[in-house]
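Let's work through a few exercises on aromatic rings. Grab a pencil and have a look at the structure first.

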Amino acid sequence: MQQQELPQDVVAGLQRILLLDPSPGDPLDTLTSFKESLARLDTVRKQLAVQQKEIQDEIDALRLELRRDQDPNRLQTIQELIAELLAQMNRIREKATESEAIVQDITKEIQILDLGKKNLVTTITSLKRLQILVNSVSQLENLADAKDYTQIAHTLSATKELFAFFKSYSTVPRVAALTKRFQAVQGRIRTQLERDFDTFFLQDPSKPISPTLISQGCLVVDVLGEDVRDQYIDRYCSMELKDYRRIFKPSDEAGQLDNLSRRFSWFRKQLSSSDEDYSQIFPPAWKAGEHLVARFAEITREDLSTLLAKTSSTMSVAQLLEALQMTFDFESLMATKYGIPFAELVQLAASPLRPGLSPRSTISSAFEQYMSIFVDAQDKALADMLAPFRGAAKSRQSIDSASGSAGATNEGERQAVLPSSTELFYFYAQTLEQCAKLFNGKPLFDMANLHKKWLAIYAEDVLFAGIKGTPKTERERRSMEGRFSEVKTACTVLNTADYCQTTSSELEDKIKEKISEDYQEKVSLQTERDLFVSVISSCIVVLLRELEAACEPAFASMIKTQWGALDTVSGESPYVSDLVKAVGSVLEVVRPHIEQKKYLRNFYDKAASLLIARFTNALVKSRPLKDVGAQQVMIDLQGVKACLLRFPQGMESAALSASYARSVTKSTTQLETLLKVINSPTVIDLKGVSKAEQNEILDTFLAMTSRMSELEATSFLSSLDMDPPVGPIIAGSALNTPNNSSTSLPLLATPSNSGLMTPPLGSLSPAPSPSEPKREVFSDLRRLVNFTMRRERDRAAADAASGNHPVS
């Protein structure tokens, strides 16, 4: 039955109904916009029923077919068919085997005929080659008697190829007999060649040999094999160098080290003569000249090793370098002549006849283990170079001369660094370059260790000894000229130590660039650079010591002032102007003499720390201050602060200047706070607070501040020494060797920190031990205020008892 397609509007309406999934209560007309389609609803229903019946019929047919396929009888039939198929395959296999046997039986005679033909061809070929081999051996015997080396070379080459064919027949008597004949004729030919070679090279006039004959004989040697060729080359080299070994024996005068030039001269003539006489005889592939050079190098190296072992204890460095330079010149000449490095050229001597040569058996390698003579000579030269500068007196004299503090009348005579340092590194550069041209292995590493040794000596015996110097008399210490001399000396040593530290790093890189890879990781000058950094630190300590000595009279005047007896507040005290003048006089010398500004900044930080620490100590020593004295000291502190803030004038980095100003302000603010606290009882009295209420006010204040987490847990009062030592903080004998520096001031940062960041300015005071309990800020404040109030009450009571009125 032909299916009838539904109208498109009906299909669209059905799709909308299916998509909307309407509920049974929805009106049908709301689900479609085609109301005219509802009139054909019966037609649609009938068509759907017909389609449903067709589908059901198809399902029933499929089910019937499935039940028919699953019939057990049909499965059995299929298995029987498979078994019959397998039986037919077996019968076919059997018939194929029978057919193969029949074919083999038919072709058996043909295969026998083919094998017979093959064996017959092989036999005929072997007999023909055997006949040729017999004729070749007989021909070789005849040619050997006639010394026709050209024909011998060709016949010998062909005969060797024929014997390679008969190698598998070596047990056949006929072949074995021919082999013996062939070996015998080869022996005869080799004997004749050796006799002719000896006669030719020995130049026997009674038995002249034509060079052409020897040249043809070389062709025969090539056919005999490489081992025979190596023997003849070795024989040739031995004959050519026989006179050399006789004339230049290490035990004879001609063989001594001072006659090394004669050795090379003799060989150059011999090589030139050999090239002229034998260049047309030996084939180029033999490389006879190169082998002769390699053999000469081997003999000469052995002789030099023997001579150096005997004379190394008495040999001078000039003799060593002269002999070594002549050797290098000869090796360079030979390398240029043959177009390959000399180290590769000498490997030609390492033939199978002469095994065991090291890969770098050059003539110059004999000198390498005796380069300690050169290194020791440089050690002595350095000792002589630095002898005028080593020790306190000599070093100080050279430093004073360089810094312009020993008779220099103008600034142009001043030198930024010591000339001895530039001479030292110039000497290093020369010796390093010279040694690297000779050897880049252990001798260069020994030279690097020598450089390390003398860098350390220069740091300790010249630079540090110069700033440690000779003790001065008290009059010299107090004179301004002597103090300026100390400052200039310290600045010059500081500049020199910085130059040495920087150049040492460049020296290390240069050594690693030139030395062999086996020693690169072992080269390091870090320890020596650390020594120079320690010297720089010691120089800054000397500058601080001189600054403190210059300011000592001002601080002594501050301590002697009767602050408690002051009744009015005036301008800055006289000692402040003296202090500012003393500081300015030192800075005027320091600023132009220090080359690197990073060290100048470091000095400023430590100088500010030192002056604030001395001011604090003097303040503590000046107690009691009373209120007027505290106000006067606060004014003086502003003058000192202004002086400190002028330190970094002219510095290029504004950021560093601002950082320095913040540090100074922070430290002086602490002192200002301390002075304000001293006046706190007076403030309470001005408010009209009774004595009984003052303690209650303080307790309330402490209770409120203890709950403020943003306040610091400790105060600078925790480290305030109420009994400071009398005299300078930096003692005149505070300097030790760079390896044992124990100064109380913070040392410089390591060279890796180019900014040389310094610790906070308050670092001069000793920090509390970690085991000590931390003291709260306002606990210290309360004790200080209570102490001040008790002092005021005791003073008031004493005045009342004596009938005097306190000065307000």
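Predicted model: local features only at pLDDT ≥ 70, side-chain atom pairs only at ≥ 80, totals over all residues.

Residues are numbered from 1 along each chain as its sequence is written, and side-chain values use heavy atoms, with hydrogens and water left out.

**Exercise 1.** Work out how F267 and F330 are arranged as an aromatic pair.

Step one: rings of Phe, Tyr and Trp (its six-membered ring) pair if their centres lie within 6.5 Å; planes under 30 degrees apart are stacked, over 60 edge-to-face, the rest tilted. That rule gives 27 aromatic pairs.
Step two: F267 and F330 sit 6.0 Å apart, centre to centre, with 70 degrees between the planes, making an edge-to-face pair.
Step three: F267 is in helix α9 (residues 260–278) and F330 in helix α11 (residues 317–338), 63 residues apart; helices are DSSP runs of H or I, at least four residues, numbered from the N terminus.

**Exercise 2.** Classify the pair F425 and Y499, then decide whether F425 is buried or exposed.

Step one: the ring centres of F425 and Y499 are 5.7 Å apart and the planes meet at 85 degrees, so it's edge-to-face.
Step two: F425 has 7% relative accessibility, so it counts as buried (under 20% relative accessible area; exposed is over 50%, partly exposed in between; 1.4 Å probe, protein chains only).
Step three: Y499, at 27%, counts as partly exposed.

**Exercise 3.** Which residues do ring pairs link into a cluster with F267?

Solution: Y244, F248, F264, W266, F296, F330 and F342 join F267 in that cluster.

Note on methods: Helix = DSSP H or I, 4+ residues; strand = E, 2+ residues; numbered from the N terminus.
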